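Q: Please take a close look at the aromatic rings in this model. Which rings pair up, and how are the pairs arranged?

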Amino acid sequence: MVSIHEIKAYAKEAHVPIMQDAGIDFILDYIKSNHVKNVLEIGSAIGYSAIQFASVSDDVHVVTIERDDTMYSEALKNVSNMKLDDRIQIIHGDALDIEVTGTFDLIFIDAAKSQYTKFFLKYSPLLNEGGVIISDNLAFHGMVADISLTKNRNTRQLVNKIKQYIEFLKNNPDFETTFYDIGDGISVSKRLK
Ligand code: SAH
Ligand code: MG
């Protein structure tokens, strides 16, 4: 039997970039206060955040997508050990290639930082009325605010992609986005009627 603490400890040891505590707490509060029932997550890693979301209440169902084989297997194992198979569905594939059916109260984007705009455009039609898209890592360890912290060209390109995504959110006429300096930087985009 594993516990959420052991999953978290494993993530730390194996350097799996799971959500920070403050970010998780923020989303768990959001799920509770808005009675969120259906969550779509892009980027499961080892299932840590999906398990946290599903643990809020028996009413919460999570569909989560993971492309990496090893992460996917770990996620399957963890979800099964936590006895949450009936409420967490893990899809093995690239979120930009697969088709997801269903509609969601919350879509959580936490995968390849270079593809956030594409994820947003592809999945926003699956939002229920009143639903939101939450994005993680918009601060990217402080590098979005201070590009001099980046150590190489690759990282600089990623930081620029995140900046472009932030601009895309700010200028999107169909959504109102609020940015929070919580965890590694979170945004909540609410669809306007
Ligand atoms: N949400 C997790 C952490 C996710 S880490 C948690 O907080 O517990 C990001 C994960 O996204 C990685 O495991 C990576 O393999 C996956 N990923 C990145 N790009 C992806 C894509 N296009 N489709 C599916 N998964 C992707
Ligand atoms: Mg993240």
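A: Start with the cluster. In this predicted model, ring pairs join Tyr116, Phe119, Phe120, Tyr165, Phe168 and Phe175 into one cluster. The structure as a whole holds eight aromatic pairs.

A pair of aromatic rings is described by the distance of the centres and the angle of the planes.

Take Phe26 and Tyr180. Their ring centres lie 4.8 Å apart, with the planes at 50 degrees, so this pair is tilted. Stacked would need planes under 30 degrees apart, and edge-to-face over 60. The pair links distant parts of the chain. Phe26 belongs to helix α2 (residues 21–33) and Tyr180 to strand β6 (residues 175–180), 154 residues apart. Phe26 has a relative accessible area of 17%, so it is buried, the limit being under 20%. Tyr180 has 32% and is therefore partly exposed.

Now Phe53 and Phe108. Here the centres are 5.7 Å apart and the planes stand at 80 degrees, so the pair is edge-to-face. Phe53 sits in helix α3 (residues 48–54), while Phe108 sits in strand β4 (residues 104–109). The pair therefore ties together parts 55 residues apart in sequence. Both Phe53 and Phe108 are buried.

One ring also meets a charge. The charged end of Lys170 sits over the ring of Phe179, 5.9 Å from its centre.

Back to α2, the helix that carries Phe26. The helix has 13 residues. From first C-alpha to last, α2 reaches 18 Å, close to the 18 Å expected at 1.5 Å a residue. After α2 comes His35, with a positive phi near 50 degrees.

Finally, the setting. The protein chain has six helices and seven strands. In sequence order the pattern is α-α-β-α-β-α-β-β-α-β-α-β-β. Of the 193 residues, 48% are buried. Among contacts between residues at least 6 apart in sequence, 65% join residues at least 24 apart. The radius of gyration is 16 Å, which agrees with the value near 16 Å for a compact globule of 193 residues. Along the principal axes, the C-alpha atoms fill a box of roughly 45 × 40 × 30 Å. The chain exposes about 9,900 Å², and carbon and sulfur atoms supply 50% of that area.

Key
Residues are numbered from 1 along each chain as its sequence is written. Chains are lettered from A and ligands numbered from 1 in the order in which they are written. This is a predicted model: local features need pLDDT of at least 70, side-chain atom pairs count only at pLDDT 80 or more; totals for chains, interfaces and linings use all residues. Side-chain values use heavy atoms; hydrogens and water are left out. Rings of Phe, Tyr and Trp (its six-membered ring) pair if their centres lie within 6.5 Å; planes under 30 degrees apart count as stacked, over 60 as edge-to-face and the rest as tilted. Helices (H or I, at least four residues) and strands (E, at least two) are DSSP runs, numbered from the N terminus. Buried means under 20% relative accessible area, exposed over 50%, partly exposed in between (1.4 Å probe, protein chains only). A charge sits over a ring if NZ of Lys or CZ of Arg is within 6 Å of the ring centre and within 35 degrees of the ring normal. The expected span of a helix is 1.5 Å times one less than its number of residues. The radius of gyration is taken over C-alpha atoms; the globule rule is 2.2 Å times the number of residues to the power 0.38. Contact means heavy atoms within 4.5 Å. Accessible areas come from the Shrake-Rupley method with a 1.4 Å probe; for residues, only the protein chains shown count as cover.
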